[in-house]
Amino acid sequence: MPTISRILFIEKSSEDIDILGQLLAESGENRYEMIPAGSVAAALELLTVHPFDIILIDSASTSVKEIELLRKLKSGYPEIPILLLTGFENEDFILNAGFLDIRSYIYKHTLKARLLVKFLDNAAETQKMLNELGRKEAELEESEVRFRTMIEKNIYGIVILDPDRKILYINPTG
């Protein structure tokens, strides 16, 4: 059974919410569940109650006045990818929202069922890879700490040289 990804869709227009729902249904893919929020403030409330995998923002539904709330959203949930759905009319929003680290954007007028699913799949896969990278970096850091502790507490003198035989490191015993 495939994993269901939850999409938080920030959109004021019930018509656009219905269209996006229809596109997801048309795709035949049952991997996505869309939860609409009529504003950034409503989205922040939903995020405190439910886990989400992707945030999809309609730039036309988000005003420049809500930029501060979007900053709060991004800082509070940095692990959730943010995607932008735009009719490219809201240029001010796009220019002011650079801090959001928007992973991708798609124009409404080109939106088709298969393209929407590909758009969401790419975001989910990219986030999965970033999460894995973060875990691997943490593992590497832990390994380096263990190695450094082992070298520094060793009862034998240890010297590390570069290829030109310059000393790079000497442990306390050395």
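1. Is Glu125 buried, partly exposed or exposed? Glu125 is partly exposed, because its relative accessible area is 38%, where buried means under 20%, exposed over 50% and partly exposed in between (1.4 Å probe, protein chains only). The accessible areas themselves come from the Shrake-Rupley method with a 1.4 Å probe, and for residues only the protein chains shown count as cover.

2. A word on the basis of these values: this is a predicted model, in which local features need pLDDT of at least 70 and side-chain atom pairs count only at pLDDT 80 or more, while totals for chains, interfaces and linings use all residues. Residues are numbered from 1 along each chain as its sequence is written, and side-chain values use heavy atoms, with hydrogens and water left out.

3. For the overall layout, the protein has five helices and seven strands, where helices (H or I, at least four residues) and strands (E, at least two) are DSSP runs numbered from the N terminus. Along the sequence they follow the pattern β-α-β-α-β-α-β-α-β-α-β-β, and of the 174 residues in the protein, 35% are buried.

4. Helix α5 covers residues 113-152, and its length can be checked by a simple rule, since the expected span of a helix is 1.5 Å times one less than its number of residues. For the 40 residues of α5 this gives 58 Å, and the end C-alpha atoms are 58 Å apart, so the two values agree. The buried residues of α5 include Ala113, Leu116, Phe119 and Leu120, as well as Ile151.

5. Seven salt bridges are counted, a salt bridge being a side-chain nitrogen of Lys or Arg within 4 Å of a carboxyl oxygen of Asp or Glu. One of them joins Lys128 to Glu125, with 3.9 Å from N to O; both residues lie in helix α5, three residues apart, about one turn of the helix. Lys128 is exposed, with a relative accessible area of 54%. An α-helix has 3.6 residues a turn, so residues three or four places apart point the same way.

6. The side chains of Glu132 and Lys136 also meet in a salt bridge, at 3.7 Å from N to O, and because these residues are four apart in helix α5, about one helical turn separates them. Glu132, at 32% relative accessibility, is partly exposed, and so is Lys136, at 44%. Both belong to a network of salt bridges that links Glu132, Arg135, Lys136 and Glu139.

7. Glu152 and Arg148 form a further salt bridge, in which the closest N and O atoms are 3.9 Å apart. They too are four residues apart in helix α5, about one helical turn; Glu152 is partly exposed at 35% relative accessibility, and Arg148 is partly exposed at 48%.

8. Which residues form the negative surface patch? They are Glu137, Glu141, Glu142 and Glu144, and of these Glu142, found in helix α5, is partly exposed at 47% relative accessibility. Patches are made of residues with over 30% relative accessible area and no salt bridge, with like charges joined within 9 Å and nonpolar side chains (Val, Leu, Ile, Met, Phe, Trp, Tyr) within 5 Å.

9. Finally, Arg165 deserves a look, as this residue has a positive phi of about 70° although it is not a glycine. Arg165 is found in the loop between β6 (159-161) and β7 (167-170), and at 66% relative accessibility it counts as exposed.

How values were computed:
Lys, Arg positive; Asp, Glu negative; His and termini not counted. Charge placed at Lys NZ, Arg CZ, Asp CG, Glu CD.
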